[in-house]
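Welcome! Let us look at how the labels for a structure come about, one question at a time.

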Amino acid sequence: MMDNLNFDSNFLAHNTESCLSKLNKEENWNRLPLINSCSHQNLKDGQLVRFRGMIQDMYNPVLYFSSYAVRNTKTNETLIRCGKYKDSLEYSEEEEFLFESEDNINKERRSVYCVSIPALNDWAKLPLHTSNESLVNHENAGAKRNMEIDEEESSDKSESNITKRLCSSQESASNKQVANGMEYDLNLPIPNLMDKACIINLYDEDGSNLKLNDVVEVAGFLSFDSSTTCTINGDFCTDDEIKFPPSSIVPRLHAVLIKDAMSFNPPSNLLSTDDVWQNAAYLQKELKLVLTQVLFGDILAADYLILHLLSTVYKRQDMMALGKCSLNLSNIPSPSLLPGYTKKLYSLLSELLHKSHFLPMSLTNMNSVDLIPKKNYETNKLISGQLQLSNKTHLVLDETCMEAGKLDEKGVRNIQALGNLITFQKLDYNFQFYPVEIDTNIPVLILSEGKSMLNSDCHVVLQPDKMCLLTINETFEAAKHFMKDPLLSRLRFYLSSIPFKDHEIPSDLQKVIHEDFVKLRQNDNKFSGDDLHILLVLAR
């Protein structure tokens with residue numbers, strides 16, 4: 001029997017434990033409408049909903065009234081109301097807010113700007129919400145007043161009449177939407193017409209460990225409060241402050257429960273995690289068969305590509321990101337010889353991977369695209385870049401489209417950023433006056449004709465079979481028909497679960513590895529710790 005989820009924010013604030021217990025049940029969680037796949041016209045203010053996305057920007061904590069006192073001017077009765085999970089103070093025309101009441105309790109809440117998970121492939125997106133049950137909660141009608149506390153406003157009520165207006169969004173590569181005759185930028189790292197954004201308010205200790213680019217799924221109360229259309233975290237905007245799009249475009253969500261990214265692997269009824277290990281050899285064999293064919297019959301290249309797809313950063317030590325395994329596949333046929341090959345190979349990989357992004361490294365692209373996020377202090381926004389991606393987003397770089405020419409200043413910075421990403425799994429976000437170093441976990445595959453201009457952990461020169469070259473288009477079609485369910489779902493589950501399986505090297509084997517490393521160093525003084533790391537990653 002399903003639990004009743006028709007509770008509002010006031011009921012939850014006073015019955016937190018029982019409400020959270022209901023929400024923690026998977027069947028109840030999945031019943032909540034998902035903002036990502038619902039039209040805003042089908043959602044209502046105060047409704048309990050979910051949003052799944054990546055944290056693109058984070059804002060400073062602000063004060064709010066967790067409880068506050070109002071007085072009825074006719075009956076002189078004083079009431080204490082809960083301000084948690086709301087944008088505004090609620091009181092009718094017959095009531096007044098008691099500024100000096102000892103029952104007014106101030107607490108902090110923090111806001112984050114979330115966008116739909118960048119580079120999430122279509123098959124990995126959650127299905128549309130199809131429940132016919134209404135989970136809409138209507139809040140009591142009444143005049144609403146902004147509830148964020150501005151210190152100057154508290155001392156001088158006249159400042160509540162500050163003129164508010166919207167600013168046009170900055171030009172960027174992100175999607176733009178129009179409301180009330182104005183254009184707004186959703187600040188998406190990778191433009192997608194179906195992607196959405198949401199401002200999430202975090203309470204108490206919820207989300208205290210969250211950081212930029214984390215993927216979260218949040219359940220909370222939706223706010224379409226028109227009084228917050230032009231506000232930052234609820235504060236009135238002035239001309240020089242950040243201005244968010246109206247809530248009709250970027251809704252506000254008051255978080256009740258947050259789930260981490262590890263629980264977002266789309267469920268598979270075909271295999272459990274334990275079954276993956278039991279079937280790992282079979283699944284690897286089937287995957288190797290497919291990849292060998294689309295790599296022109298090169299078995300070694302297929303083996304390395306599988307190892308690359310399974311790689312993940314599992315630990316950081318000193319300057320090293322342990323577990324990374326970037327791969328350069330060279331001797332890729334040129335576009336003039338085999339047009340569209342790199343895109344077809346990427347399309348095949350995207351059917352297997354949850355998150356992936358294809359980046360053509362043409363001269364025009366490198367000189368024009370914004371790869372690195374940049375802080376805009378005028379709007380107090382972190383302007384997104386195409387490399388602002390969540391962990392385990394596979395990046396495929398296509399060097400085959402690179403032509404002769406000169407890189408400008410932006411192009412040089414973009415190449416340097418890609419180099420740092422590959423070598424250190426770090427990105428320096430541009431905060432103008434100083435860089436902010438952000439750890440990443442983005443496997444990088446480079447497709448090139450000759451050896452790539454970028455360093456990589458592994459370099460494999462393709463040895464194509466001539467017959468495979470002649471029939472490569474038919475091979476891709478055959479691979480597409482071969483990878484059908486249930487095999488396709490099993491391969492996806494295999495690639496998404498194996499990298500996170502715990503693995504430890506026994507102490508006796510560690511001693512053997514140490515002795516072998518000493519011998520290798522004696523025979524070749526150029527053999528470094530990085531070389532040993534690659535061998536360990538491949539063995540792992």
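Q: Why is serine 111 called buried?
A: Buried means under 20% relative accessible area, exposed means over 50%, and partly exposed is in between, with a 1.4 Å probe and protein chains only. Serine 111 has a relative accessible area of 0%, so it counts as buried. Serine 111 belongs to strand S6, residues 105–115; strands (E, at least two residues) and helices (H or I, at least four) are DSSP runs, numbered from the N terminus.

Q: What should I know about the model itself?
A: This is a predicted model, where local features need pLDDT of at least 70 and side-chain atom pairs count only at pLDDT 80 or more, while totals for chains, interfaces and linings use all residues. Residues are numbered from 1 along each chain as its sequence is written, and side-chain values use heavy atoms, leaving out hydrogens and water.

Q: What makes the link between serine 111 and asparagine 201 a polar contact?
A: A polar contact is a pair of N or O atoms within 3.5 Å; within protein, one must be able to donate a hydrogen and the other to accept it, and residues adjacent in sequence count only if both atoms are side-chain atoms. The side chains of serine 111 and asparagine 201 are joined at 2.5 Å.

Q: Why is the pairing of lysine 288 with aspartate 303 called a salt bridge?
A: Side chains of opposite charge can pair when their charged atoms come close. The rule asks for a side-chain nitrogen of Lys or Arg within 4 Å of a carboxyl oxygen of Asp or Glu. For lysine 288 and aspartate 303, the N to O distance is 3.3 Å.

Q: How do you know whether lysine 324 is buried or exposed?
A: Its relative accessibility is 11%, so lysine 324 counts as buried. Its salt-bridge partner is aspartate 457, at 2.7 Å from N to O.

Q: What makes tyrosine 377 and phenylalanine 433 a tilted pair?
A: Rings of Phe, Tyr and Trp (its six-membered ring) pair if their centres lie within 6.5 Å; planes under 30 degrees apart count as stacked, over 60 as edge-to-face and the rest as tilted. The structure holds twelve aromatic pairs. In this one, tyrosine 377 and phenylalanine 433 are 5.5 Å centre to centre with 45° between the planes, which gives the label tilted. The partners sit 56 residues apart.

Q: Why is phenylalanine 433 called exposed?
A: Phenylalanine 433 has 68% relative accessibility, so it counts as exposed. Tyrosine 377 has 36%, and is therefore partly exposed.

Q: How do you know that lysine 259 sits over a ring?
A: The rule wants NZ of Lys or CZ of Arg within 6 Å of the ring centre and within 35 degrees of the ring normal. Lysine 259 lies over the face of tryptophan 29, at 4.2 Å from the ring centre. In another such arrangement, the charged end of arginine 492 is 3.9 Å from the centre of the ring of tryptophan 123.
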